[in-house]
Amino acid sequence: MAVARVLLLLSGRPQSVSFAQSVCGLLGAGPGLGPWPTYCSLKRGRLVLSNRPFPDAFARLPLQRPPYCPFAALDLPCRTSGSELPMNRGVDLGVATILQSSDQTVLLTRRTRNLRVSPNLWVPPGGHVELDEELLDGGLRELWEETGLQLPQGQFSWVPLGLWESAYPPRLSWGFPKYHHIILYLLVISQESQQQLQVRIQPNPSEVSAFMWLGPNIAAAVSATEDGTETSTFLPQDLPSSILAVELKENGEAQPLVLPTSTLLQTTPTTVEDKERISTGTKFALGLWLQHLHSVTPPSGEGGAYVDAGSSKEEQNMNPLDPTQGCGK
C-alpha cells in the first residue's frame with residue numbers, strides 16, 4: 001500500500017483515510033454545504049487535518065466538498081460493496097496554484113481533451129504534491145510544468161486559501177470514483193503584471209490546451225454559479241458576453257480564443273460529458289480569492305510567505321495561525 005498522503009488527527013492520533021471514506025464526513029461535516037473550518041499542517045508531503053486545534057497546525061482553512069460528493073453518498077449504509085472501489089489506496093494530496101498578477105487577475109488553464117481525469121475543464125495549474133515536497137515548492141513546480149512560468153525569488157508572496165475534497169468521476173451517476181484527492185488551493189501573488197507574466201507563458205501542450213486571465217468581476221459571476229449552493233444567481237448586467245483567451249493549435253502555436261462567458265457559468269452535468277466548464281472546486285477557490293482580495297492588502301516589496309493576522313469576512317474563511325509553524329520557506 002502506498003504511503004498515506006492525507007492523515008486525519010482523530011482522538012489525538014494521526015490516522016490514514018481509506019479511499020472510500022469521506023474526509024469531510026470524518027471531520028464532522030454536517031448535512032449542509034459547508035465550508036467547515038479545518039486545522040491543518042503539511043510536513044514532508046503529508047497533510048494532517050483536524051477539526052480541532054493541534055500544536056503543529058499552521059492554519060485554519062475552509063474545507064468544502066460538492067453537494068453531490070460521491071464519498072458522502074458512499075458513507076450511507078449498503079450503498080456499495082467493497083469490490084467496486086479500490087481497497088488498497090488512500091486519499092491523494094494535490095495542490096493548485098491561484099496565480100494573481102499585480103493588476104489583480106488570476107490565471108486559469110484548460111485541460112486537454114485526452115487527459116484521463118477531468119478533461120476539458122478550466123482549472124488553475126496544479127497536480128500531486130510529491131513525497132517530502134514542501135507546499136510552496138509543489139505549487140511552483142506544477143505552475144512551471146504546466147505553463148513554463150518561473151517566478152523570480154523575492155517578487156511574490158503566498159498564502160493558503162482553502163481545501164477541497166475532490167472525486168473523479170465527480171458524481172455517482174457517472175460511475176464509481178476512481179480518484180480521491182484533497183486539493184489545497186494556494187494563492188501566489190506576483191509583483192508582475194498580467195502582461196509581464198503572459199509574455200513568458202509557454203503552456204505544456206500535453207496538459208494545457210488554452211489559458212485565460214480572470215478579473216474580479218468575471219470571477220464573482222463564476223463563483224456565484226457554484227454547483228448546488230444557495231449563492232444568489234444574480235449576474236451583473238454589464239457582464240461581457242465573451243472574454244479573450246489564448247488557445248493552442250495542434251502544432252503548439254498560440255492563437256486568440258473568444259470564449260463565451262456562458263461557458264464559464266456551466267455547472268457539472270448529471271451524465272458523463274467532457275463539456276467545457278470551470279470545475280466546481282475552482283469556483284470555490286475563486287470565491288475564496290475574492291474574499292481575500294477584499295479583506296487583505298499584501299505587503300509590498302517582500303517575497304516569501306505572508307499571512308494576515310486579522311480575521312476575514314466570514315468565520316469559515318482562512319484564519320492563519322503563527323506563521324513560524326508553516327511549511328513555506
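A word on the basis before we start. The model is predicted, so local features need pLDDT of at least 70 and side-chain atom pairs count only at pLDDT 80 or more, while totals for chains, interfaces and linings use all residues. Residues are numbered from 1 along each chain as its sequence is written, and side-chain values use heavy atoms, with hydrogens and water left out.

Let's begin with the rings. How many aromatic pairs does the structure hold? There are two, where pairing means that rings of Phe, Tyr and Trp (its six-membered ring) have centres within 6.5 Å, with planes under 30 degrees apart called stacked, over 60 edge-to-face and the rest tilted. One is phenylalanine 19 with phenylalanine 71, edge-to-face at 5.6 Å centre to centre and 85° between the planes. Phenylalanine 19 sits in the loop between strand E2 (13-16) and helix H1 (23-26), and phenylalanine 71 in helix H2 (residues 70-74), 52 residues apart. Helices here (H or I, at least four residues) and strands (E, at least two) are DSSP runs, numbered from the N terminus. Both phenylalanine 19 and phenylalanine 71 are buried, that is, under 20% relative accessible area, with exposed over 50% and partly exposed in between (1.4 Å probe, protein chains only).

The other pair is tryptophan 164 and phenylalanine 284: the centres are 5.4 Å apart and the planes at 35°, so this pair is tilted. Tryptophan 164 belongs to strand E10 (residues 156-168) and phenylalanine 284 to helix H7 (residues 280-295), so the pair ties together parts 120 residues apart in sequence. Tryptophan 164 and phenylalanine 284 are buried too.

Next, charges over rings (NZ of Lys or CZ of Arg within 6 Å of the ring centre and within 35 degrees of the ring normal). Arginine 171 has its charged end over tyrosine 68, 3.9 Å from the ring centre, and arginine 89 lies over the face of tyrosine 179 at 5.9 Å.

Now the cysteines. The disulfide count (sulfur atoms within 2.5 Å) is zero. For cysteine 69, the nearest cysteine sulfur is that of cysteine 24, 6.6 Å away. Cysteine 69 is buried at 3% relative accessibility, and cysteine 40 is buried at 0%.

Finally, the nonpolar cores: buried Ala, Val, Leu, Ile, Met, Phe, Trp, Tyr and Cys residues joined through side-chain atoms within 4.5 Å. The largest has 40 residues, with Leu47, Leu49 and Leu99 making the most contacts inside it. Apart from it lies another core of 34 residues, including Leu108 and Leu239.
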